[in-house]
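Trainee: I am new to this structure and would be grateful for a close look at one part of it. Once that part is clear, please lead me on to the other regions.

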Amino acid sequence: MARSFPDDPFDTLRAPVRRWLEREQTVNERLGFDGPTERINLRFDTVAPRYRPERRPVWPQAVVWLPAGAVRTYGPLLAEVRAAFGRRLPPGRAPLFLHPQAPRAHRRARDRHGSERLADVQATPTASYRTVVAWRGRREPVLLKLSLGAKVSGVRRSLSEYYLVTGIVVSRLLDGIPRATRRRLGLDWFPEPAGLVEKESGTGWLLRRLPRMLTGPRARELVPVFSLIAPRGERPPLLVEAMRRSGLRPERFVVERLLRPYVRVLAHLLFEEGIQLQGHPQNVLVEVDGERGRGPRLTGRIVLRDLTDSSVNVALRVAKGRPLPTFGDGFLPRDTPFPICRSLTDCRGHRGRGWPLPARDTVERHGLGAFVWSVNTVVARHVARYDAAAVERGYLALWQAHARAALAVEPRIYERPRGLATDEAIAHFLAHVDWTRLGGVGGATLPSAVEPLPIAGPTRRRRGPHYQRVTCAWGDLYIDDGCPAFLRPAF
């Protein structure tokens with residue numbers, strides 16, 4: 001049950017974290033299904049009103065101490081929980097953190113094993129409902145992405161193991177990006193180091209840390225893009241105010257100050273790191289400087305979150321010479337009911353079926369269709385004769401330039417429907433890689449336990465020694481006529 005603590009619970013949070021959280025909960029406008037703007041209370045939600053973020057509820061965080069044999073843990077779970085809450089785990093037990101509106105499976109676990117309210121640990125929801133900020137006193141808060149026993153936008157929001165393992169492993173991949181590259185890109189993210197799944201239900205929770213841009217000594221304002229484009233009472237959105245103060249034409253401001261850094265980060269991850277992220281307004285935050293001085297200014301630095309919806313192009317990482325991390329004993333469970341690489345590769349996704357054009361989703365579905373569309377829709381309300389089509393063209397031109405630099409091929413821009421031949425460009429690049437130089441051995445026969453990689457469209461198994469095999473830390477790649485076609489997962 002949500003309740004009020006004796007003192008203002010948010011006072012113990014550092015000022016940048018407190019301001020970010022206030023925006024998450026109260027300055028969150030989403031563009032609705034049938035045209036008009038709808039605030040946080042979206043239709044098709046079954047979250048109880050008392051747990052919705054706009055009410056800024058705070059509740060004591062509850063936990064069920066499950067037997068260690070009833071769970072699978074990922075990452076340094078014990079160390080992360082101890083660092084976050086100053087709590088050592090009971091011997092032979094593991095924590096199942098509960099949302100107040102928990103799913104039926106977690107309520108059954110609570111009835112069977114009992115539950116406990118962690119002493120002095122408070123929790124409050126973010127804009128995404130099931131992700132809560134949890135903190136104890138003046139300790140650095142963490143985020144817990146919990147399984148929710150309710151529907152949001154018509155979808156039931158329990159956290160499955162497929163999503164959980166993806167977030168944790170992709171977080172490790174991002175950790176491998178050199179600091180100099182991160183500074184050059186202006187990139188930060190919410191790390192996802194650890195989580196837990198209840199074996200019986202296959203659902204659990206994920207621990208997420210705050211980014212350095214929010215907790216460091218020089219922390220500025222970190223603004224979710226959905227807050228950047230939301231009205232502030234009678235005041236225009238922060239994006240519109242920054243645009244007016246810049247003196248630039250609106251279209252140029254959007255392309256140069258917002259879309260250029262956005263594409264710079266997402267294109268590096270997609271073309272150089274082989275990581276596809278869902279960069280829609282819910283998952284992207286921007287750093288803003290000077291809101292309380294001469295006016296807001298976008299610094300060009302980008303923060304990403306929710307790595308659970310990512311995928312990894314293993315073949316592209318191998319071709320680019322990017323490391324594939326290995327994991328020590330205890331980091332990943334041995335009894336995962338599916339190959340972990342399946343949840344990471346860019347071919348199966350989380351629905352158990354092939355996605356022939358996954359890279360296009362980054363550029364078009366989540367970028368052009370969600371991020372750019374939302375920004376253009378909001379700016380057009382405040383700027384007469386705003387040329388949204390010119391902004392879309394500028395956005396695609398930025399992606400085209402990054403693809404040309406990273407892949408040595410210029411993907412075609414399509415007008416109807418508007419988009420970019422992103423997957424074709426990646427397939428062309430991979431088809432011209434010298435796989436022999438990367439250790440490829442010819443005359444290989446395809447084994448039975450492989451995952452298809454529909455990089456150049458649907459794949460077809462061939463009998464006999466028709467493949468070139470390239471071994472990497474995550475398994476064996478099988479190359480068919482120069483293009484990666486299958487992966488045998490190592491784990």
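Trainee: In which loop is Asp481 found, and between which two strands?

Mentor: Asp481 is found in the loop between strand 24 (475-480) and strand 25 (483-489). Please keep in mind that this is a predicted model, in which local features need pLDDT of at least 70 and side-chain atom pairs count only at pLDDT 80 or more, while totals for chains, interfaces and linings use all residues. Residues are numbered from 1 along each chain as its sequence is written, and side-chain values use heavy atoms, with hydrogens and water left out. Helices (H or I, at least four residues) and strands (E, at least two) are DSSP runs, numbered from the N terminus.

Asp481 has a positive phi of about 55°, although it is not a glycine. With 70% relative accessibility, Asp481 counts as exposed; the term means over 50% relative accessible area, whereas buried means under 20% and partly exposed lies in between (1.4 Å probe, protein chains only).

Arg385 lies in the loop between helix 12 (358-382) and helix 13 (388-407). Its phi is positive, about 60°, and Arg385 is not a glycine. Arg385 is exposed, with a relative accessible area of 79%.

Another loop, between strand 19 (413-415) and strand 20 (418-420), holds Pro417. The peptide bond leading from Arg416 to Pro417 is cis, with omega near -10°.

A further loop residue is Phe331, placed between helix 10 (314-320) and helix 11 (340-344). Phe331 is buried, its relative accessible area being 14%. Apart from neighbours within four places in sequence, Phe331 is in contact with Thr73, Tyr74, Gly75, Pro76, Ile168 and Arg172, where contact means heavy atoms within 4.5 Å. From Pro49, Phe331 is separated by 282 residues in sequence and by 38 Å in space, C-alpha to C-alpha.

Val63 stands opposite Glu116 of strand 6. Strand 6 is also joined to strand 7 (residues 131-136) by five bridges, again antiparallel. Pro125 has Val132 in strand 7 as its bridge partner, and Ala123 has Ala134. Strand 6 and strand 7 form a hairpin with five residues between them, and Tyr129 in the turn has a positive phi of about 70°.

Elsewhere, strand 14 (residues 221-224) pairs with strand 16 (residues 284-289) in the antiparallel sense over four bridges. Leu222 has Glu287 in strand 16 as its bridge partner. In a regular strand the side chains alternate between the two faces of the sheet. Both faces of strand 14 are covered, with Glu221 and Val223 buried on one side and Leu222 and Pro224 buried on the other.

The helices complete the tour. In helix 2 (residues 77-85), the buried residues are Leu77, Glu80, Val81, Ala84 and Phe85. Viewed down the axis of helix 2, these fall within an arc of 100°, so they line one face of the helix; the arc is that of the directions from the helix axis to the C-beta atoms. Just after helix 2, Gly86 takes a positive phi of about 65°.

Helix 8 (residues 238-246) and helix 9 (residues 250-272) pack at an angle of about 110°, with their axes 10 Å apart. That makes helix 8 roughly perpendicular to helix 9, a label for angles of 65 to 115 degrees, with those under 35 roughly parallel, those over 145 roughly antiparallel and the rest oblique. Leu239, Ala242, Met243 and Ser246 of helix 8 make the contact with Pro250, Phe253, Arg257 and Leu258 of helix 9.

How values were computed
Two strands pair if DSSP finds at least two bridges between them. Axes are lines fitted to C-alpha atoms, for helices over the stretch in contact, and angles run from 0 to 180 degrees between N-to-C directions.
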